[in-house]
Amino acid sequence: GAKPPRRHPARMSSKRSHDEAFEADRMLTHIRRLRHEAGGGEPFAKALSTLEMMIANLLEHPEEPRYRTIRLGNTSFHERLGRFASGVALLRAVGFEDAYGGATEAAGPPTHLALPVANAPILAQAVVLLAAAAEAAASIDDPTTIPAA
């Protein structure tokens with residue numbers, strides 16, 4: 001029998017591709033806001049590399065509890081990423097949720113972010129977007145890439 005014609009993946013109109021496109025748009029919005037919040041340059045580069053490393057670790061070790069929980073009070077996390085609302089929003093966009101270190105929500109603000117479900121396609125998409133943003137920012141911020149007039 002003849003095989004049915006293959007459709008180009010970009011033309012497929014599945015709910016999954018729509019959801020992934022929506023998530024990509026949402027992540028790009030957070031990346032743009034992060035660049036604005038961080039003021040570009042080194043703080044933005046550090047925030048992106050921190051996010052990329054955290055998410056890559058999740059992809060490589062999806063069941064490892066230490067990669068699925070982030071202490072919001074961790075000084076290093078706060079300095080590199082947590083001080084930026086958009087950085088925390090990006091973590092939420094890939095599935096992290098507020099956690100309360102054993103206490104109830106009424107006890108105050110969240111103490112942790114926790115990832116209940118590691119969604120590999122969304123995590124992989126985030127790594128690609130973060131790497132592309134880091135590469136673009138490095139190129140934009142590098143004065144040696146300015147062409148001669």
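The following questions and answers walk through a predicted model of one protein chain.

Student: How many helices and strands does the protein chain have?
Tutor: Because this is a predicted model, what we describe here is computed from its atoms. Read from the N terminus on, the elements of the protein chain follow the order α-α-α-β-α-α-β-β-α. Counted by type, that gives 6 helices and 3 strands.

Student: At what angle do the axes of helix α2 and helix α4 cross?
Tutor: Two packed helices are described by the angle between their axes and by the distance between those axes, so we look at both. Helix α2 covers residues 41-60 and helix α4 covers residues 75-82, and their axes come within 8 Å. The contact involves residues of α2, including Pro 43, Leu 51 and Met 54, and residues of α4, among them Phe 77 and Leu 81. The two axes cross at roughly 115°.

Student: How many nonpolar, polar and charged residues are in the contact of α2 with α4?
Tutor: Lys 46 of α2 and Glu 79 and Arg 80 of α4 take part in this contact, and these three belong to the charged class. Sorted by class, the contact has 3 charged residues, 2 polar residues and 6 nonpolar residues.

Student: Is Thr 50 buried or exposed?
Tutor: Thr 50 has its place in helix α2, and, leaving out residues up to four places away in sequence, it touches Arg 80 and Leu 81. A residue counts as buried when its relative accessible area is under 20%. Because the relative accessibility of Thr 50 is 6%, this residue is buried.

Student: How many residues of helix α5 are buried?
Tutor: Helix α5 spans residues 85-93 and is mostly covered. The buried residues of α5 are Ser 86, Gly 87, Val 88, Ala 89, Leu 90, Leu 91 and Ala 93. Of the 9 residues in this helix, the number buried is therefore 7.

Student: Which element supplies the largest share of the lining of the largest pocket?
Tutor: The largest pocket holds about 280 Å³ of space. Of the 13 residues that line this pocket, those closest to its centre are Met 53, Met 54, Thr 69, Ile 70 and Phe 77. Two or more lining residues come from each of α2, α3, β1 and α4. The largest share, 4 residues, comes from α2.

Student: What distance separates the C-alpha atoms of Pro 116 and Phe 96?
Tutor: Pro 116 lies in the loop between β3 and α6, and its relative accessible area of 45% makes it partly exposed. Not counting residues up to four places away in sequence, Pro 116 touches Arg 68, Gly 95 and Glu 97. Although Pro 116 and Phe 96 are 20 residues apart along the chain, their C-alpha atoms are separated by 7.2 Å.

Notes:
Residues numbered from 1 in each chain as written. Predicted model: local features only at pLDDT ≥ 70, side-chain atom pairs only at ≥ 80, totals over all residues. Heavy atoms only, no water. Buried < 20%, exposed > 50% of the residue type's maximum accessible area, 1.4 Å probe, protein only. Axes fitted to C-alpha atoms, helices over the stretch in contact; angles between N-to-C directions. Contact = heavy atoms within 4.5 Å. 1 Å grid on protein atoms, 1.4 Å probe; cavity = no way out; pocket = protein on both sides within 12 Å on 5 of 7 lines; lining within 4 Å. Points joined across faces, edges and corners; volume = space filled by probe spheres on them.
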